[in-house]
Amino acid sequence: MDPRERFRTHVVENQPPPLAPSDLWQDDVALREAVAREGGGWAGDGLAAYGALAGGELQELGRLANENRPRLMPFDARGERIDQVEFHPAYHQLMQTAVEHGVPGFAWRHADRAGAHVARAALMFLHNQADQGSSCPLTMTYASVPALAHSPALADTWLPRIRAGSYDPAHRPGWEKQGVTLGMGMTEKQGGSDVRANTTRATPLPGNADLYSLVGHKWFFSAPMCDAFLVLAQAPGGLSCFLLPRFAPDGSRNAVQLQRLKDKLGDWSNASAEVEFQGALAWRVGEEGRGVATILQMVALTRLDCLLGSASLMRQGLARALHFARHRRTFGARLVEHGLMRNVLADLAMESEAATALAFRVARAVDASGRDPSEAALARLTTALGKYWVCKRTPAFLAEAIECLGGVGYVEETGMPRLYRQAPLNSIWEGSGNIQCLDVLRALGREPACAQAFFAELAAARGASAALDAEAGALELMLRQSADELLPRARELAGRMAVALQASVLLRGAPEPVALAFCAARLGAGGGHVFGSLPRQDGWQELLSRALP
């Protein structure tokens, strides 16, 4: 007998084949339908190309970029201060592929075409499933454009480079590059979300009315190797927005000192820094004292990407859980054939599809904001609604998806732990849950058009579900309460509004079994809060077959 056979203890079996490479566009029926429904279908060829990349070679690049985290290089070999961050080559490949395919610039290159932001949202949705850390500078570069438009001179220099579709990681001035990336620095240690508590000082310099010297710190400065940053600082006229390039006009390194890189829960491929400004040169964007209003135009788009990012994490977690359950056998049957597990998977599939549907309805509202006042009002409200609800649901969703794999889901090689570590970020970034809910109350209280646009969306599905019709009436009654009465219930209100909007979008766009299953499970007293508690089996097969062909 072969000695190797004598000591053989087991044969590896009952394990699913690798999921990757996969096609994240072709495999995602709900995504393709949502993009077409919301006006981005004309970009289908480009999305199909990127979906194959994101489910294929970018998956391995994402793994490498996260296993080899960025390193702070404060000094060179001679002891000169250089304040650079060194990335693994996989990170630069991710960035280059994303930029070339339009993740940050597509919408601005096609700004005259309806649906451009919807198509660009799909590119981000696909990319984020491969790597989340690089999504941060890609998002900020995309979102910086409306803020920069406040200063024509800056826009002339920077916007063509944002649209260019070229990635250049070289350590040289951005105005010498064909393509650039932009970051952001808003929060400080003493204030966090309360940016009006910022203490960074901006002192005007003689000879140029728009040029200032900045002294202070930033608690989160992402991502520090970008070519320029939008930051907030206290100018003589109040809190103002500034563009701070990484290099000064003479080509020397700007006076921004990197103190350390954050040791974060997740988002490992991306570098987030604490920095000090030591007389850094920056150009004012917009008017003095209008910094929050100026940078909020950027924040509105980054919040959309938080929503998209969380929805895409759900999608990737669902795909991995369902793939495993279709191949793994337990107690004489495949996991997916067991009734209780089937309930869990159908519930997750329903949640993922609803999150995708909401994200792309918000993307259409953002896309149409400049053309349609009602869509602008809807975007003003639903970027906060969607960010709050979907981002808040994602950690619990991914915990359940991991549990579908059992103990193996807790192992790094499956990729599930990385998704789970990433899950809380979008709920925190660009304003945590309470900030979003307060923003919802502010929009409803100050801008009547927001409520009108919201209820018009619900009315568009009137008669399709008695549960949604009843919920619409309940929400109208709730909004008649005073501001003092609504304030402690802001989370309840925002959650119910988000779910009602999801139901409306699904009733108008998804197959009837899927939409009615959602209404039965999520609206009214029957709504379960633990995944796997769907009240009846209607729609399960449709949900599972749509989730992963």
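# Reading the chain, feature by feature

Me: Among contacts in the chain between residues at least 6 apart in sequence, what share joins residues at least 24 apart?
Reply: Contact means heavy atoms within 4.5 Å. In the chain, 72% of the contacts between residues at least 6 apart in sequence join residues at least 24 apart. This is a predicted model, where local features need pLDDT of at least 70 and side-chain atom pairs count only at pLDDT 80 or more, while totals for chains, interfaces and linings use all residues. Residues are numbered from 1 along each chain as its sequence is written, and side-chain values use heavy atoms, with hydrogens and water left out.

Me: How many helices and strands does the chain have?
Reply: Helices (H or I, at least four residues) and strands (E, at least two) are DSSP runs, numbered from the N terminus. The chain has 22 helices and eleven strands. Its radius of gyration, taken over C-alpha atoms, is 24 Å, close to the 24 Å from the globule rule (2.2 Å times the number of residues to the power 0.38) for 549 residues, so the chain is as compact as a globular protein of that length. The C-alpha trace spans about 80 × 80 × 40 Å along its principal axes.

Me: What percentage of the residues of the chain count as buried?
Reply: Buried means under 20% relative accessible area, exposed over 50%, and partly exposed in between (1.4 Å probe, protein chains only). Of the 549 residues of the chain, 57% are buried. In helix α8 (residues 135-143), nine of the nine residues are buried, so α8 is largely enclosed by the rest of the structure. Among them are Cys136, Pro137, Met140 and Tyr142.

Me: At what angle do helices α12 and α20 cross?
Reply: Axes are lines fitted to C-alpha atoms, for helices over the stretch in contact, and angles run from 0 to 180 degrees between N-to-C directions. The axes of α12 (residues 339-368) and α20 (residues 490-509) cross at roughly 90 degrees and come within 9 Å. Angles under 35 degrees count as roughly parallel, over 145 as roughly antiparallel, 65 to 115 as roughly perpendicular and the rest as oblique. The helices α12 and α20 are therefore roughly perpendicular to each other.

Me: Which residues of α12 and α20 meet?
Reply: From α12, Glu353, Ala354, Ala355, Ala357, Leu358 and Arg361 meet Ala498, Leu501, Gln502, Val505 and Leu506 of α20. By class, this contact has eight nonpolar, one polar and two charged residues (Ala, Val, Leu, Ile, Met, Phe, Trp, Tyr, Cys and Pro count as nonpolar, Asp, Glu, Lys and Arg as charged, and the others, Gly among them, as polar).

Me: How far apart are the axes of α11 and α22?
Reply: The axes of α11 (residues 291-327) and α22 (residues 540-547) are 10 Å apart, and the helices pack at an angle of about 105 degrees. That makes α11 roughly perpendicular to α22. Arg315, Leu318, Leu322 and Arg326 in α11 meet Leu544, Ser545 and Ala547 in α22. These divide into four nonpolar, one polar and two charged residues.

Me: Which residues other than glycine have a positive phi?
Reply: Most residues other than glycine have a negative phi, and most peptide bonds are trans. Asp267 has a phi near 55 degrees, in the loop between β8 (256-261) and β9 (272-285). Asp267 is buried, at 8% relative accessibility. Glu430 has a phi of about 60 degrees, in the loop between α15 (425-428) and α16 (433-446). Glu430 is also buried, at 10%.

Me: Where is the cis peptide bond that involves Ser222?
Reply: The bond runs from Ser222 to Ala223, with omega near -20 degrees. Ala223 lies in the loop between β5 (211-222) and β6 (228-235).
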